[in-house]
Amino acid sequence: QVQVVESGGGLVQAGGSLRLSCAASGGIFNLLSMGWYRQAQGKQRELVAVSTSAGHTEYADSVKARFTISRNSAKNTVALQMDSLRPEDTAVYYCKVVIVGSSSLSTYWGQGTQVTVSS
């Protein structure tokens, strides 16, 4: 059973920094990608940043140059360093893991961690 666990959310003032961490476990043999999504109140969940096994990274335009995703493939962990935080970054942040199975892809989500940026 795959488990995805996030940590590191909290309350920070605008301009501050936070670091989110995510660990995937449970017999994972072929992890395709790990990424972060967020969902603000009343809005749809959106991509923040993703890192693939091929070494490709992608960021939402709104976080480019402020957020950095880093992945440890050996440990199946991914981190999101968030700098220069803005009130509009306030959301629940979710870690998403995509695994290649024998015949299909499987997606797993963490429980989410709240990030609140005060003005």
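A search of the whole structure, a predicted model, finds one disulfide, a term used for a pair of cysteine sulfur atoms within 2.5 Å. The bond joins cysteine 22 to cysteine 95, with an S to S distance of 2.1 Å. The torsion about this S-S bond is about -80°, so the disulfide is left-handed. Cysteine 22 lies in strand S3 (residues 18-25) and cysteine 95 in strand S9 (residues 91-100), so the pair ties together parts that are 73 residues apart in sequence. Strands are DSSP runs (E, at least two residues), numbered from the N terminus, as are helices (H or I, at least four residues). Cysteine 22 and cysteine 95 are both buried. Buried stands for under 20% relative accessible area, exposed for over 50%, and partly exposed for values in between, with a 1.4 Å probe and protein chains only.

Residues are numbered from 1 along each chain as its sequence is written, and side-chain values use heavy atoms, with hydrogens and water left out. Because the model is predicted, local features need pLDDT of at least 70 and side-chain atom pairs count only at pLDDT 80 or more, whereas totals for chains, interfaces and linings use all residues.

Strand S3 also belongs to an open sheet of four strands. The order is S1-S3-S8-S7, and the pairing is antiparallel. Two strands pair if DSSP finds at least two bridges between them. Strand S1 (3-7) and strand S7 (67-72) form the edges, each pairing on one side only. Neighbouring strands of the sheet are turned by 15° against each other on average, direction ignored. For such angles, axes are lines fitted to C-alpha atoms (for helices, over the stretch in contact), and values run from 0 to 180 degrees between N-to-C directions.

Strand S2 (residues 10-13) pairs with S11 in the parallel sense over four bridges. Here leucine 11 stands opposite threonine 116 of S11. Strand S9 is joined to S11 by three bridges, and these two run antiparallel. The bridge partner of valine 92 in S11 is glutamine 114. Strands of a sheet pair through backbone hydrogen bonds, either parallel or antiparallel.

The faces of S11 can also be told apart. In a regular strand the side chains alternate between the two faces of the sheet. Thr113, Val115 and Val117 make up the covered face of S11, and Gln114, Thr116 and Ser118 the uncovered one. Valine 117 is buried, with a relative accessible area of 5%. Between valine 117 and isoleucine 69 there are 48 residues of separation in sequence and 19 Å in space, C-alpha to C-alpha.

Charged side chains were examined next. A salt bridge is a side-chain nitrogen of Lys or Arg within 4 Å of a carboxyl oxygen of Asp or Glu. By this rule the count comes to four salt bridges. Arg38, Glu46, Arg66 and Asp89 are linked in a network of such bridges. Arginine 38 meets glutamate 46 at 2.8 Å, N to O. Arginine 38 is buried, at 6% relative accessible area, whereas glutamate 46 is partly exposed, at 37%. Arginine 38 also meets aspartate 89 in a salt bridge, at 3.0 Å, N to O. This pair links distant parts of the chain: arginine 38 is in strand S4, aspartate 89 is in the loop between S8 and S9, and they are 51 residues apart. Arginine 38 and aspartate 89 are both buried.

Another salt bridge joins aspartate 61 to lysine 64, with the closest N and O atoms 3.1 Å apart. Aspartate 61 counts as exposed, at 65% relative accessibility. Lysine 64 counts as partly exposed, at 47%.

A nonpolar surface patch of about 230 Å² is made by Leu32, Val100 and Leu105. Patches consist of residues with over 30% relative accessible area and no salt bridge; like charges are joined within 9 Å, and nonpolar side chains (Val, Leu, Ile, Met, Phe, Trp, Tyr) within 5 Å. Accessible areas come from the Shrake-Rupley method with a 1.4 Å probe, and for residues only the protein chains shown count as cover. Leucine 32 is placed in strand S4 (residues 31-39). Leucine 32 is partly exposed, with a relative accessible area of 31%.
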